[in-house]
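Let's walk through this one together, question by question. Have the sequence and the 3D view open as you read.

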Amino acid sequence: MALQEQGRPGDGGRRARGHASDAGRALARRATERLGARVAARLRETVLGATLGLPAPVLENAGSGDVSSRVTEDVENFASAVPLITQVLIAMITVVVAAPGFLTLDWRLTLAFAAVFPVYAVSLRLYLPRAARLYARERALAAERGRVLLESLRGRETVAAYDMADLQTRRTAAVSGEVLGVGLRALRLYVWFSKSMNAAEAIGLAAILLTGYWLVRADLVTVGAATAAALLFHRLFTPLGTLLLSFDEVQRAGAALARTVGVLLVAPAPAGTTRAPRGPVRVTVTGVRHTYDREVLKGVDLTIEAGTSLALVGASGAGKTTLAGIMAATRTPTTGRVTLTDADGPVTVTALDAGVLRDWVCLVSQETHVFTGTIRDDLTLAAPGADDARLHTALAAVGWTRGLEPAGALTPAESQQLALARLLLRDPPVVILDEATAEAGSAGARDLDRSAEAAVRGRTAIVVAHRLSQARACDRIAVLDDGRVVEHGTHDELVAAGGVYARLWKAWS
């Protein structure tokens, strides 16, 4: 009775060792989780910094959904595998320490134990390549899903205006279904792999028991040795399973890491010309061609004299926005070049260093982003050293009537006014407006047109016009059709010619 009340001899020591073991595992897990968090934070910061430093054409081609998924989901998937390090290390130590124990029993029992390794090898050979492809495909589809979601949220006004909610929902559901389908295929493959591990364990244990039975009958080993071999192998089930099944996490983390590191492996833009522009700048477009899945620009040649304006007019898909992006160096032409000529001579736009590019040419599109914070913070992105007097002057020039403090939710027209004010603060000699007043609506179009006129006054300007009244206000007009300049001249010249522009003007007016 006294023994029952006090416990068996040695129980206290075993409980103490158990508590110590639990405490050690908890500390190890805490350490690896902290390591994972630090790795994720450092990796995210590094990837984000590298992403922001990528050449503009690379970011333009990648798309926001792909970039954001690399910085968020892919980093998290990799970081989640870091705590696995502790489990793998413990499993490796257990296997390394326990495996030689078979040799102390009998070399034939060691051979029986080795029967599991061919099964492991075949399973891994069949599993790893297929799992890698599935996880890579899953990450790519997740990026596409992010793109659809971001576009739907960013263009929510357009989605609502054109009653596209059902369409965008279907698109999201479709790509989400693909992600789910690939994920289920990967899960089924993982289940098969884990069952193959169970089969290997069954084969190994059977081999040891049969070998032990034969050796005991032949009086070559004792029953205790055969039993010890079976128990030792059974003790290795969990660490061996941990090592082998960790390949799944490694594959998943590897797919995520490959996409994340892919950003870091993009070669930075080479250092280019760092001289600042001096005086007015002439823009010359020579033999520019550009191809996506088809050729959208087919040998464009244009000259915009310093201090003059050119309107690009044409139907949707004619190549206006692509040409504007090439002139602003946010896209790289397949062939051809864009040359900027100031008082010191010519320089191609692609030869300019990223640090001075926007001192030469700035692009304002209808997709304007206003950052969270004060109006002052938003404006000083373009001119960090500008004082309040300069900021107020720029705002007044574009018709802004609010102050410099937080303005709450802004209308599309107000967002464009801030973009034009930033343009004035940056003060480049070349300005490209890619439908920069398209979001104003009919009510605010005239006011925003006046803001745009103030921003381009005295500069070399290229205007992608969605209203022909904008084109008429420019010095010259180029009409694009199917990637070619089919007409070029002043408004009066083109109307008198009776061609494409004349028909567009007649329909407009």
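Q: Is T227 buried, partly exposed or exposed?
A: This is a predicted model, in which local features need pLDDT of at least 70, side-chain atom pairs count only at pLDDT 80 or more, and totals for chains, interfaces and linings use all residues. Residues are numbered from 1 along each chain as its sequence is written, and side-chain values use heavy atoms, with hydrogens and water left out. Buried means under 20% relative accessible area, exposed over 50%, and partly exposed in between (1.4 Å probe, protein chains only). With a relative accessible area of 39%, T227 is partly exposed.

Q: Which helix holds T227?
A: Helices (H or I, at least four residues) and strands (E, at least two) are DSSP runs, numbered from the N terminus. By that numbering, T227 lies in helix 12.

Q: What distance separates the C-alpha atoms of T227 and I208?
A: Along the chain, T227 and I208 are 19 residues apart.

Q: Where is D219 found, and what is its phi near?
A: D219 is found in the loop between helix 11 (165-217) and helix 12 (223-235). D219 is exposed, with a relative accessible area of 65%. Its phi is positive, in a residue other than glycine, and is near 60 degrees.

Q: How many residues of helix 14 are buried?
A: Helix 14 spans residues 320-327 and is largely enclosed by the rest of the structure. Its buried residues are K320, T322, L323, A324, G325, I326 and M327. After helix 14 comes A329, with a positive phi near 65 degrees. Of the eight residues of helix 14, the number buried is seven.

Q: In which sense do strand 1 and strand 4 pair?
A: Two strands pair if DSSP finds at least two bridges between them. Strand 1 (residues 282-291) and strand 4 (residues 335-342) have six bridges, and R282 has T341 of strand 4 as its bridge partner. The sense of this pairing is antiparallel.

Q: Which residue of strand 5 is the bridge partner of L340?
A: Strand 4 also pairs with strand 5 (residues 345-348), antiparallel and over four bridges. A hairpin with two residues joins strand 4 to strand 5. In strand 5, the partner of L340 is V347.

Q: What is the order of the open sheet of six strands?
A: Pairing in this open sheet is mixed. Its edge strands are strand 6 (361-365) and strand 10, each pairing on one side only. From one strand to the next, the twist averages 20 degrees. The order of the six strands is 6-7-8-3-9-10.

Q: What angle does the direction of helix 18 make with that of strand 6?
A: Helix 18 (residues 412-426) packs on the sheet, touching strand 6 and strand 7 (430-434); contact means heavy atoms within 4.5 Å. Axes are lines fitted to C-alpha atoms, for helices over the stretch in contact, and angles run from 0 to 180 degrees between N-to-C directions. The angle is about 175 degrees.

Q: Which helix lies across strand 3, strand 9 and strand 10?
A: The helix runs at about 100 degrees to strand 9 and covers residues 500-508. Strand 3 here is 309-314. The helix is helix 22.

Q: Which residue in the turn between strand 9 and strand 10 has a positive phi?
A: Strand 9 and strand 10 pair in the antiparallel sense over five bridges, with L480 opposite V485 and V479 opposite E487. The two strands form a hairpin with two residues between them.

Q: Which helix gives the largest share of the lining of the second largest pocket?
A: A pocket is an open set of points on a 1 Å grid over the protein atoms alone where a 1.4 Å probe fits, with protein on both sides within 12 Å along at least five of seven lines; lining residues have an atom within 4 Å of a point. This pocket is lined by 24 residues, with E453, V456, Q470, A473 and C474 nearest its centre. Helix 19 (441-456), strand 8 (460-464) and helix 20 (468-473) each supply at least two lining residues. The largest share, six residues, comes from helix 19.
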